Amino acid sequence: MKSELLDEKGRPVVVVTGIGVVTPLGRGKDENWKALTSGTSGITQITRFSTEGLSTKIAGTVDFIDIAPLSGQGLALALAIESATEAIAQAEIGTKGSFPGPLFLATPPAELEWEQRKALYTCDHGISETGYAHMLAAARTGQFSEMYSLFQYGSVSDHLADRFGTSGQPISLSTACASGASAIQLGIEAIRRGETGAALCVGTDGSVHVEALVRFSLLSALSTQNEFPEKASKPFSKNRDGFVMSEGSAAFVFESYESARTRGAKILGVVRGCGERADNFHRTRSKPDGSANIGAIRNTLDDASVTINDIDYINAHGTSTPENDKMEYLSLKAVFGDRLIRIPISSNKSMIGHTLTAAGAIEAAFSFLTIQTGVIPPTINCDVPDPDIELDVVPNHKREASVSTILSDSFGFGGQNVCLILSAEPA
Amino acid sequence: MDLNDNDVWVTGIGLVSSLGEGCEEHWQKLTAGTRIEPVLEKSAFTPYPVHPLFEIDFSKQIPRRADQRQMGKWQRLGTYTAGMALSDAGIAGNAALLENTNMIVAAGGGERDIEVDTALLDTIGGPQDGESLRNEMLMNDLRPTHFLSELSNLLAGNISIVHGVIGSSRTFMGEEMSGFSVVEIAARRIQNNQGELFLIGGAYNAERQDMLLQLDLGQILWADEFEPLWARQTKGGGMVTGSVSAFLVLESKKHASARGAQPYARLSGILSGRCNRTEGGAMRAAEQQFETLGHGLPRGPLALLSGACGAEPATSQELTFLEGLQDKGYEVALRGFGSVLGHSVEAHFPAGLALAALAASKGKFYDPFDRSGLERPSSDGAEHIIVTTWGPFHGEGMALVEEVA
């Protein structure tokens with residue numbers, strides 16, 4: 001079945017022709033790649049709100065985009081606009097405000113924050129009520145319709161669909177920390193079905209607000225090493241103590257190989273395959289035998305029609321939590337066996353932190369840059385290796401290597417595991 | 001391969017609403033020959049009437065108390081109903097099938113800890129009002145596991161944990177249209193060999209002030225004495241929300257036949273769109289959808305389950321589209337299921353699809369759901385049923401459900 005335009009399974013080959021990225025390290029691919037390959041951390045003390053009394057006071061925040069009033073939803077939208085604009089410009093596809101394909105968006109669950117609740121609660125509408133009844137009366141005045149248009153679960157995708165003119169009903173999704181990879185997977189599936197020649201896939205997250213931080217703190221998921229923020233995220237190290245919240249966005253223009261070639265687009269890489277497996281063990285922990293993570297990796301290899309011998313770099317989920325990094329190692333070991341130690345594996349989260357909903361997309365973007373530039377970004381803060389995790393984590397300094405096929409892992413709270421295999425052209 | 005191998009069959013239904021639990025109870029109440037009285041909670045959320053959930057013994061589908069405690073009520077409701085659908089389809093407890101079941105859940109979430117919120121709101125404008133007090137209260141008063149009970153993707157997570165669905169787990173967000181997209185994507189995947197067995201659905205708990213607030217920021221709720229759907233337009237329109245959960249097992253004909261599963265109905269077509277709603281855009285979009293889906297449907301009686309939400313101008317626009325069908329020679333037997341179940345946001349389209357599949361399996365359509373006169377009685381059977389769902393501002397969806405001969 002394989003031909004130039006079809007893969008081993010007879011499906012259209014899917015290529016990427018545009019990539020955009022924004023993280024605490026900066027705007028766009030160039031700024032990010034320079035910082036990432038030089039081992040720069042984007043993690044800082046939080047200044048956006050008071051951290052008095054909180055156990056974690058650090059995060060990766062994007063503070064160079066002005067949003068007033070600031071909200072997670074508003075920032076998620078602004079970040080997505082940044083990355084999608086860059087991706088569409090690079091792909092040189094469609095016309096302004098008219099993208100020739102659907103939108104698949106990984107976005108955080110929408111929620112009002114304290115800023116919004118305060119505005120509603122202090123609204124003087126002449127009805128004497130307390131608590132939610134007072135806020136509901138405020139809503140009925142009709143003064144808060146802008147808040148409505150930003151704080152629905154479909155709001156970010158609605159605004160993006162209007163702005164970029166994507167076709168049809170956009171899809172917003174959440175598979176926790178695997179969301180970015182799921183958005184890519186949905187786009188790949190749509191192109192493989194032949195429904196569309198192109199898809200815009202975006203992952204975005206702007207969730208560093210006080211309550212989100214408190215919630216992860218209460219689950220004991222976050223690093224509390226506040227003194228040296230840039231040192232706090234240390235995936236695969238023995239002294240790792242939790243992840244560091246962060247935000248950002250990545251966007252992709254994916255196309256069928258046929259459509260990209262027909263219009264003479266520059267091809268940046270190929271999505272060879274994607275795969276998933278759900279875990280049913282626990283809400284925040286994986287099965288002790290790793291079978292769900294292992295299943296996701298194996299399904300992905302199978303979907304891509306590649307073997308473990310084809311993989312020459314792994315872009316890890318590597319969150320820096322004691323649980324994830326151990327389980328990720330055990331799962332990879334089960335799949336790759338003795339070959340694992342010979343495959344470089346690094347975690348972008350050591351520098352940018354955990355961009356949550358956007359992580360799978362941002363890390364796929366960086367994986368494509370590795371393929372294009374032949375540079376593997378390091379895992380920084382690797383000072384105390386964990387003897388139980390035998391991996392070549394590309395410690396502290398970038399490495400030059402010819403990389404043509406990459407496995408990118410994403411494992412989420414709630415048991416949602418998605419992996420991608422990305423490679424160089426030709427497929 | 002048989003050309004129809006990839007037909008999309010509905011082989012399992014789990015449905016819970018203010019009317020009761022399960023297909024049979026809904027069928028009996030909605031075809032009793034006497035007009036159904038909607039179940040309403042009129043005082044607890046005044047001025048908003050809502051359709052409340054009846055008392056459910058969750059332990060029938062969620063045996064472990066520890067699991068129940070970890071979930072928000074919408075998650076319990078969804079997990080419960082997903083279990084009903086899996087049992088109904090003969091999948092529950094069958095590890096080999098569950099391992100290949102792909103799950104796509106439509107979810108909102110965000111069930112807040114109202115007590116903590118209220119206490120925090122109380123401090124606004126007070127002597128200690130400020131970020132440090134807020135930080136202290138959040139750190140001390142939020143239950144650590146509360147986060148998981150309000151997180152959108154954890155409904156799917158809980159279904160995996162309680163029922164063992166592990167093929168895959170995806171969660172779509174985005175109000176009404178997310179409930180439509182979960183079905184549309186599952187159907188397209190079945191038709192294109194991207195999976196044979198799917199569990200899809202959504203759950204909505206209407207009996208919450210935080211949920212009402214989310215919606216009424218856009219002034220789209222009905223804040224008055226209850227009126228059925230088609231009677232609200234003259235007073236500006238509005239949604240009356242209802243607690244509903246609907247999950248369905250969708251399966252390729254080939255897969256279902258091989259394991260001897262009986263279909264309720266076939267999902268013969270499903271189309272979504274997102275048009276510019278100004279100047280009749282939605283009506284034209286719906287007309288085009290109907291031309292594609294209804295191509296080949298005989299003129300004459302047409303059963304139609306409308307998911308109209310009651311908000312304006314969307315509901316009036318949908319009625320105009322339906323009048324156009326009459327003009328084309330279709331005698332539409334209209335049933336606005338929001339009048340009896342309430343509008344259930346993410347769960348709304350799955351609930352409409354469940355009602356359609358159920359009617360197709362019975363070979364008979366429902367009694368009118370209101371007294372507006374728009375919903376004429378029908379004794380014409382239910383071989384072909386159109387189901388619609390539109391978002392109040394964006395998104396138009398239409399599906400065709402047919403009897404499996």
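The model is predicted.

Chain B and chain A bury about 6700 Å² between them. Carbon and sulfur atoms account for 60% of that area. Three residues stand out on the chain B side: B:Met173, B:Leu217 and B:Arg274. Together they supply 12% of the area that chain B buries against chain A, more than any other three residues. In residue counts, the contact takes 76 residues from chain B and 74 residues from chain A.

The rule finds 30 residue pairs in polar contact between chain B and chain A, with both residues at pLDDT 80 or more. Eight elements of chain B each give two or more residues to the side that touches chain A. The helices are H5 (114-123), H6 (131-141), H7 (146-150), H8 (154-163), H9 (175-191) and H10 (209-216). The strands are S4 (168-173) and S7 (265-273). H10(B) gives the most, with seven residues. By class, this side of chain B has 31 nonpolar, 29 polar and 16 charged residues.

Salt bridges between chain B and chain A number twelve. One of them links B:Asp129 with A:Lys118. The closest N and O atoms of that pair are 3.6 Å apart.

Strand pairing also joins the chains. Strand S6 of chain A (residues 171-173) runs antiparallel to S4(B), and two bridges connect them. Within this pairing, A:Leu173 stands opposite B:Phe172 of S4(B).

Strand S5 of chain B covers residues 197-204. Eight of its eight residues are buried, so S5(B) is largely enclosed by the rest of the structure. In a regular strand, side chains alternate between the two faces of the sheet. In S5(B), B:Leu197, B:Leu199, B:Gly201 and B:Ala203 point one way. B:Phe198, B:Ile200, B:Gly202 and B:Tyr204 point the other way. The residues of both sets are all buried.

S5(B) pairs with two other strands of chain B, S3(B) and S6(B). Strand S3 (residues 102-106) pairs with S5(B) in the parallel sense, over five bridges. There, B:Ala106 has B:Gly202 as its bridge partner. Strand S6 of chain B (residues 244-252) runs antiparallel to S5(B), and eight bridges join the two. In S6(B), the partner of B:Gly202 is B:Ala246.

How values were computed
Residues are numbered from 1 along each chain as its sequence is written. Chains are lettered from A and ligands numbered from 1 in the order in which they are written. This is a predicted model: local features need pLDDT of at least 70, side-chain atom pairs count only at pLDDT 80 or more; totals for chains, interfaces and linings use all residues. Side-chain values use heavy atoms; hydrogens and water are left out. Contact means heavy atoms within 4.5 Å. Buried area is the accessible area (1.4 Å probe) that two parts lose on being put together, summed over both. A salt bridge is a side-chain nitrogen of Lys or Arg within 4 Å of a carboxyl oxygen of Asp or Glu. A polar contact is a pair of N or O atoms within 3.5 Å; within protein, one must be able to donate a hydrogen and the other to accept it, and residues adjacent in sequence count only if both atoms are side-chain atoms. Helices (H or I, at least four residues) and strands (E, at least two) are DSSP runs, numbered from the N terminus. Ala, Val, Leu, Ile, Met, Phe, Trp, Tyr, Cys and Pro count as nonpolar, Asp, Glu, Lys and Arg as charged, and the others, Gly among them, as polar. Two strands pair if DSSP finds at least two bridges between them. Buried means under 20% relative accessible area, exposed over 50%, partly exposed in between (1.4 Å probe, protein chains only).
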